[in-house]
Amino acid sequence: MRNRIWVIAVIMIAAPCGAFAADQNVTALSVTPAALVFRSPDEGMRVLVMGTTAEGEQIDLSEAARLDPAESIVKRGADGLLYPVRQGETKVTVTARGAQAQFMVRVGDLTKAPQVSFLRDVEPILNKVGCTSGTCHGSAKGKNGFKLSLRGYDPEFDYEVLLYDMSGRRFNRADPARSLMLAKPTQQVPHGGGLRIELGSRYYNTILKWISAGVPYGDPKVDRVEKLEVLPKEVFMHGPSKAQQVLALAHYSDGSVRDVTREANISSNTPEVADVDPSARVKGERKGEAALLVRYEGKFVAVPVTVLNPNPGFAWNNLPQYNYVDELIDAKLKRLKILPSPAVDDAEFLRRVSLDLIGLPPTPEELRVFITDKTDSPAKRRRMVDRLIARPEFVDHWTLKWGDLLQVSRRYLGDKGMWEFRGWIRDSIAQNKPYDKFVYELLTARGSSYENPAANFFRVTRNAKASMEKTTQLFMGVRLVCTQCHDHPFEKWTQNQYYQMTAFFGSVGLKPGFQSGDEIVYDKREDYDIKHPKTGRVVAAKYLVASIGAPPIPNSPERREALVEWLTSKDNPFFARAIANRLWSYFLGRGIIEPVDDIRASNPPANEALLEALTKDLTDHAFDLRYLMKTIVNSRAYQAGIQTNVWNDDDKVNFSHAVPRRLGAEALMDALALAAGSRPKFPEVPPDTKAEEFPDPHVGKDGFLDVFGRPARESSCECERRSDISLPQALNLVNGRTIGDAVADPKGRVAGLILEGASDRAIVEDLYLAALCRYPTAKEYDTAAAYLKSGESRAAWAQDLLWSLVNSKAFLYNR
Amino acid sequence: MKTMRIGLLAVLALGSLGSQRLQAEVSYFREIRPIIQRNCQGCHQPAMKYGGLDLTRYESFSAGGNKGPAYKVDAPKESLVLAYLKGERQPRMPLGSPPLADDQIELFRSWIASGAKDDTPPEARESSALDKPPVYHQAPVITALAYSPDGSQLAVSGYREVLLHRADGSALVARLVGLSDRIQSLEFSNDGKTLVAAGGTPARFGEIQLWDVASHKLKHSVTLTDETLFGASLSPDGSRVAVGCADNTVRVVDTAAGKEALKISNHENWVLGTVFGVNGKRLVSVGRDQAAKLTDATSGAFIENINALRGELAAVARHPTRDLILIGGAERIPYLYMMDRPASMKIADDSTLVRKFEMQDGAIFALAFSPDGSRIAVAGASDEVPIYQTETGERVATCKGHRGTYAVVFSPDGAHLSTGGFDGRVRTYEVTSCKSERDFVPVPLEPQLASAR
């Protein structure tokens with residue numbers, strides 16, 4: 001309780017003072033933490049001193065500030081840190097730039113300093129100097145016969161290796177200073193990893209002290225870090241070339257706090273925006289946002305860093321806000337001095353929203369009707385959204401999406417299984433089954449995969465580990481794959497948790513069904529326990545995170561219901577958030593957290609308030625995905641143009657303007673069919689089936705669709721659908737049969753226009769509307785019409801025109 | 001020559017990031033001392049002191065031996081040490097080994113020329129001199145134990161010494177102080193006259209010590225490789241010692257001459273255990289490459305792998321009268337194998353496996369057969385030392401110990417079992433019941449000084 005009070009900043013009175021005239025004076029100083037408590041003689045700590053300028057800017061004065069203790073029970077070392085001198089309690093006065101503040105210091109009985117322990121003192125050193133890094137002894141095979149856990153995730157293992165391995169050769173109780181553990185990193189003996197610790201340095205002395213004390217492990221209840229705190233909680237700079245000191249404080253369960261800034265691993269996820277130097281000072285490099293990732297003994301904290309655009313003259317443009325999405329996005333943009341791009345016109349909107357909701361561009365007729373409708377634009381657009389969602393193609397489009405994620409493929413399920421599973425997904429989407437119910441049915445499915453097609457989920461994954469990994473990645477956006485072998489390097493997830501979660505799926509069994517090709521999902525009555533690979537012991541099922549109202553886990557093989565109840569609960573911190581983020585990414589081209597299936601503390605959201613609001617909206621509306629889709633596409637942010645202005649041209653993450661997205665393989669093929677009035681034929685499906693209706697990647701395999709990045713459905717990772725641009729694609733567009741045949745189809749759009757004797761003007765307009773979903777400009781009319789007249793075959797020349805339109809970026813991209 | 005040395009310095013400097021070592025001056029601590037440790041200290045140590053010279057300390061090196069000071073700072077080229085190293089004086093040093101490389105000799109010259117300073121950092125100074133027994137504040141880890149053949153004495157590894165205790169724990173008979181920080185293996189010859197102690201100083205050198213048991217005098221010190229030696233074993237006739245080395249070799253040393261007789265390079269990783277066959281003609285070695293390899297002990301020729309590879313192997317023991325070997329390591333399971341194969345070998349053939357014993361609670365570090373071969377004892381990372389019946393694999397007794405047991409031996413009469421390890425105490429149990437008989441710290445302990453760091 002007391003700790004919390006320490007953390008609260010005390011803002012003190014400003015004292016007028018002319019001594020610092022060279023620098024701009026500040027109006028107030030704040031000091032954090034508000035008090036320092038020393039327990040050991042060689043413990044160094046410091047405070048952050050922040051000054052407020054007349055303009056309201058917060059600047060870091062930690063280094064420049066003068067610290068005057070009322071009683072000299074502490075002194076400032078050459079490294080700028082405070083070190084204890086003797087027991088006592090005093091006030092320290094902080095003076096900087098004409099302002100003053102105070103904080104408290106207490107020094108405990110230094111003769112009763114806690115004993116050096118492996119957990120609290122030694123393991124952090126091994127991690128800091130790099131012994132446990134992945135390229136050294138932390139690698140899976142260790143180095144030169146000496147293996148430690150990766151980044152020290154398993155201190156108990158490391159302790160045992162150091163002590164017992166090779167009959168205790170690494171330490172020397174008879175002459176501690178001659179321990180191999182000291183001789184190697186100080187290079188008194190040859191060490192492949194080079195000099196890691198200087199003789200006589202602080203780290204050297206700690207290890208020596210530890211060996212001299214008889215290599216105690218420490219008490220996990222007391223000596224493990226309970227919480228990592230990083231100050232400041234957010235770094236906000238008014239422009240590049242500013243700097244901010246960061247402090248990392250480790251809190252222990254006995255109430256003690258240690259300054260671990262020097263031992264913590266601090267890195268920036270975007271060093272080109274804000275970099276951090278070895279003394280934990282963040283420097284602004286250019287405007288933008290970054291996150292500082294601070295890691296210490298298995299605890300993680302992400303600190304957002306903002307570097308503002310330093311240019312003067314920013315004025316907010318007050319674009320209309322259509323719903324809460326815009327309010328929350330604008331709030332962030334305003335703060336970052338980013339000007340959003342205005343919404344697109346009706347034609348552009350209709351193409352974009354149609355492609356996103358139903359996977360098809362609008363027809364020329366739909367466009368004409370929509371553009372000429374005189375209803376006020378936002379209302380007209382909302383009505384169109386409702387209409388699109390009600391169309392059968394909406395079901396096709398989202399069936400395709402979920403088919404990808406759930407890996408619907410005859411490769412795993414056979415023909416009948418594949419059709420049944422797809423049918424179940426289609427029905428679920430057609431009836432707008434609430435998302436929680438959809439997932440509940442999938443994960444609790446039992447019985448014949450033909451009779452209960454949801455059971456096909458487990459026919460794809462086939463074993464407990466794969467089922468667990470897929471469940472957590474797909475429905476929670478959490479990747480646990482790496483924790484199969486070691487604790488997660490950037491998150492709190494442990495190897496234990498991997499197996500605790502896997503234990504929920506241990507009893508899922510598969511056996512042949514009564515019909516050919518069928519399989520039955522059943523609950524195994526024996527051999528369902530999951531064992532930890534290190535200890536060989538049975539691991540009890542346990543939820544990944546605690547959540548209100550999670551049901552007790554039954555001590556029987558049927559544990560799935562409990563898991564799914566916990567998973568799909570509104571209170572699960574990941575479930576609704578993951579799908580809200582995922583849906584958002586389908587419409588904006590990028591998740592608020594990106595990648596969408598890698599949610600972790602070290603990968604913070606671009607706009608937490610927005611993600612939170614979307615999540616709450618979804619749970620408040622009973623997991624109605626259609627409702628959330630409408631909310632998203634009805635926002636101005638979704639409808640923003642791709643044109644940028646000087647204040648948002650380098651914004652990539654805050655949704656201030658749209659980003660062109662290449663059409664997915666199936667949508668591209670269907671858009672081409674619509675533009676050319678001709679559809680390629682595939683033997684596995686009836687004639688005139690849209691590519692978006694294809695049940696699995698078996699149809700049209702190795703053709704146009706695969707060249708354009710259709711996923712093979714080999715994983716449920718969103719990344720499997722490629723949206724890149726490649727040379728084979730370019731060649732296929734220019735010379736490929738798919739486009740060539742479509743454009744020249746004797747029953748196609750061009751042929752129809754020629755046969756009905758349409759005028760040049762009508763041909764040009766129709767082709768522009770069909771391919772690019774807009775009317776041609778006057779200049780385009782003239783150029784195209786002149787081209788049609790220039791050759792001997794009007795039909796062939798019109799085909800050329802269409803060919804060049806579908807080869808344009810405006811066709812290939814959703815923009 | 002000059003460029004080579006600069007090159008060497010550059011490499012050192014690159015290796016030691018951040019340390020300002022790119023200066024020309026040669027370091028005694030970092031450059032000269034390691035060469036001496038590796039090549040010279042075997043003979044020029046307090047326990048041998050050939051030529052009256054002790055090279056284990058800077059001070060005694062400066063003082064020199066019977067022929068006078070080892071070097072002259074004002075006339076480096078006339079230094080005795082250089083004359084002996086170059087062969088200008090005979091016999092050329094190091095005796096019986098290849099001469100030092102020219103650039104190594106040049107290091108000596110350059111060091112002398114620049115004043116022959118001792119730059120040993122205070123942190124790296126030795127706490128005990130090599131000419132007297134070390135002073136202990138904490139009990140050192142025990143890594144080796146051996147009973148004398150008559151059962152009267154128990155040899156215990158200490159720090160830089162072997163302690164000879166009366167087997168009943170009633171008295172410390174002698175302290176055999178040597179060069180090596182660590183003694184990894186101890187074994188008495190069958191006639192009880194010689195004690196073999198093998199070990200070394202980690203990452204510095206390996207050493208085999210041959211002690212005369214009656215006089216407590218060091219007969220031979222054989223330094224080998226840059227690393228501690230592991231799993232030494234005597235041939236049944238006592239004429240040879242085999243040791244496992246960190247350079248992936250097994251070395252066989254002639255005990256009479258005190259010279260290396262054979263170097264066997266069949267392993268792919270550190271060799272941690274060796275044992276001779278009953279007739280002394282063949283040798284089994286085990287190591288981190290997971291293999292138990294059968295080798296012709298005379299020629300060093302590889303015969304075959306005995307086991308199916310499963311995990312790093314740390315220990316090997318042979319049945320007292322039959323060619324059966326017991327191996328164990330990281331896999332936690334002791335395996336009993338025949339040394340000989342009744343039929344021709346096939347890949348991954350495991351037909352010579354006699355018995356797989358119970359899986360232990362931790363990695364296996366040490367194994368022992370009772371003198372009649374009827375029992376085996378298994379020690380390691382687990383906190384108990386179980387005893388099994390060799391014939392049935394049945395556990396007959398469980399001796400409660402502590403985590404990290406590195407040495408386990410039966411007394412010659414088969415009635416007692418002694419263990420040693422991490423906590424530095426020797427424990428002796430009655431074999432049938434595992435009742436504890438004795439439990440003592442084998443080294444004299446001085447109280448920790450209050451001012452100690």
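**Close-up views of chains A and B**

**View 1. Where chain B meets chain A.** In this predicted model, 35 residues of chain B are in contact (C-beta atoms, placed from the backbone, within 7 Å) with 28 residues of chain A. Strand 4 (residues 172-188) of chain B gives the largest share of this side, three residues. Strands are DSSP runs (E, at least two residues), as helices are (H or I, at least four), numbered from the N terminus. By class, the side of chain B that touches chain A has 17 nonpolar, 11 polar and seven charged residues. Ala, Val, Leu, Ile, Met, Phe, Trp, Tyr, Cys and Pro count as nonpolar, Asp, Glu, Lys and Arg as charged, and the others, Gly among them, as polar.

**View 2. The two domains of chain B.** Chain B is divided into domain 1 (2-119) and domain 2 (145-440). These bounds come from an automatic or database domain assignment. The C-alpha centres of the two domains lie 36 Å apart. Their contact takes 11 residues from domain 1 of chain B and 12 residues from domain 2 of chain B. On the domain 1 side, four residues are nonpolar, six polar and one charged.

**View 3. The contact of helix 28 with helix 29 in chain A.** Helix 28 of chain A supplies A:A784, A:Y787, A:L788 and A:S790. Helix 29 of chain A supplies A:R794, A:W797, A:A798 and A:L801. Six of these residues are nonpolar, one polar and one charged.

**Notes.** Residues are numbered from 1 along each chain as its sequence is written, and chains are lettered from A and ligands numbered from 1 in the order in which they are written. Local features need pLDDT of at least 70, side-chain atom pairs count only at pLDDT 80 or more, and totals for chains, interfaces and linings use all residues.

Notes: Two residues are in contact if their C-beta atoms, placed from the backbone, lie within 7 Å.
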